[in-house]
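Have the structure open while you read.

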Amino acid sequence: MSTTQDITFSNDTFDLAGQLHLPDGFDRDGSYPAVVISTPGSSVKEQIGANYGRGLADRGYVALAFDPGFQGQSGGHPRDLENPAARVDDIRFAVDYLTTLPYVDNSQIGALGICAGGGYAVSATMTDHRIKALGTVVPVNVGRAFRQADTSSKGSAIAMIDGVGDKRTAAAAGEDIDRNMWIPDTEDQATAFGITDIDTLQAVRFYRTPRGYNENSTNRRYFTSDAMMLGYDAFNLVDELLTQPLQVIVGGRLGTTFSYSDGLALWEKAPNAKNFHVIDGAGHYEMYDEPKYVNEAVETLDVFFREHLAS
């Protein structure tokens, strides 16, 4: 059975908190392929990253999941900031860390991105070719998601940007600005908001109940995050810069996260796309922890990484 080791590494400004998932019978004098895991927005390393990290370690990989800067047990202020550029750079620093481990084969480092972390992993892989192969699970272009989030009113994205500007002005004058919720805090709150969408409800059931809850996952984001995400495109320049092999895994049940269509868009743009795998019946959030779906995804990733991380 794989084991887990708590670690920290630096992003040149503060420390990031991570977990190394190590294969059964791990030998520090050995040589292993490694995978850095980029997790969904708002999640911490003990949640989805741990599920996939353990699965990969059980199949012989050193897997690194970590809390993004400004979140979880990692350093950085303001807290709960979701800055796409910083999220992408954190992946590069995670690769830096892996290269310092004597038991990691530097020619066999891959990346796995899940949900918004999938888009971030795409950006990092395009501009860091130490990453030799990229796997994504229910990848989301978070910029597209935020620009599309409110289709009920024309120009809503522009209104959101203007709102962030107003809040920045208020904050500069000394006002306290509330952090935004990613999702409702409870199912009762979702009901009170009139939310009936199955994907949002499944997100609440994962993140905000004992099923997937972690005290370091706050379900809050600092208000400036919204403008940063609105102006971000995870798949920009994929057709030019993503030369590494790509595996895309999506759930077969379409939903309001649009990870299937984002995954397909990524697949169609990537010049070295190898496999587009659909997991029948799986919804977006069921891909986070439902054993039969996670196992199928990890088995697919194992086949992909074994072929494309080979020396």
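What follows goes through the sheet, one of its strands, and then some helix packing.

Keep in mind that this is a predicted model. Let's start with the sheet: 8 strands form an open sheet with mixed pairing, in the order β1-β2-β4-β3-β5-β6-β9-β10. Its edges are β1 (3-10) and β10 (273-279), each of which pairs on one side only. On average, neighbouring strands in this sheet are turned by 20 degrees against each other, direction ignored.

How many residues of strand β5 are buried? For β5 (residues 104-114), the count is 9 of 11, so the rest of the structure largely encloses this strand. The cut-off for "buried" here is under 20% relative accessible area. As a reminder, strands of a sheet pair through backbone hydrogen bonds, and the pairing is either parallel or antiparallel.

| Pair | Partner residues | Bridges | Direction |
|---|---|---|---|
| β3 and β5 | β3: residues 32-38 | 6 bridges | parallel |
| β5 and β6 | β6: residues 133-137 | 5 bridges | parallel |

Gly113 in β5 is a handy spot to look at. Ser38 stands opposite Gly113, while in β6 the bridge partner of Gly113 is Thr136. To get from β5 to β6, the chain passes through helix α3 (residues 116-126), making a right-handed β-α-β crossover.

Over by β6, another helix comes in. Helix α10 (residues 259-269) lies across β6, β9 (246-251) and β10, and runs at about 160 degrees to β9.

Now for a helix pair. Two packed helices are described by the angle between their axes and the distance between the axes. For helix α1 (residues 45-57) and helix α12 (residues 291-308), the angle is about 50 degrees and the axes are 10 Å apart.

Which residues meet where α1 and α12 pack? From α1 come Asn51, Tyr52, Gly55 and Leu56, and they meet Val294, Ala297, Val298, Leu301 and Phe305 of α12.

Technical notes
Residues numbered from 1 in each chain as written. Predicted model: local features only at pLDDT ≥ 70, side-chain atom pairs only at ≥ 80, totals over all residues. Heavy atoms only, no water. Buried < 20%, exposed > 50% of the residue type's maximum accessible area, 1.4 Å probe, protein only. Helix = DSSP H or I, 4+ residues; strand = E, 2+ residues; numbered from the N terminus. Pairing = 2+ DSSP bridges. Right-handed = clockwise from strand over helix to strand, strands pointing away. Axes fitted to C-alpha atoms, helices over the stretch in contact; angles between N-to-C directions. Contact = heavy atoms within 4.5 Å.
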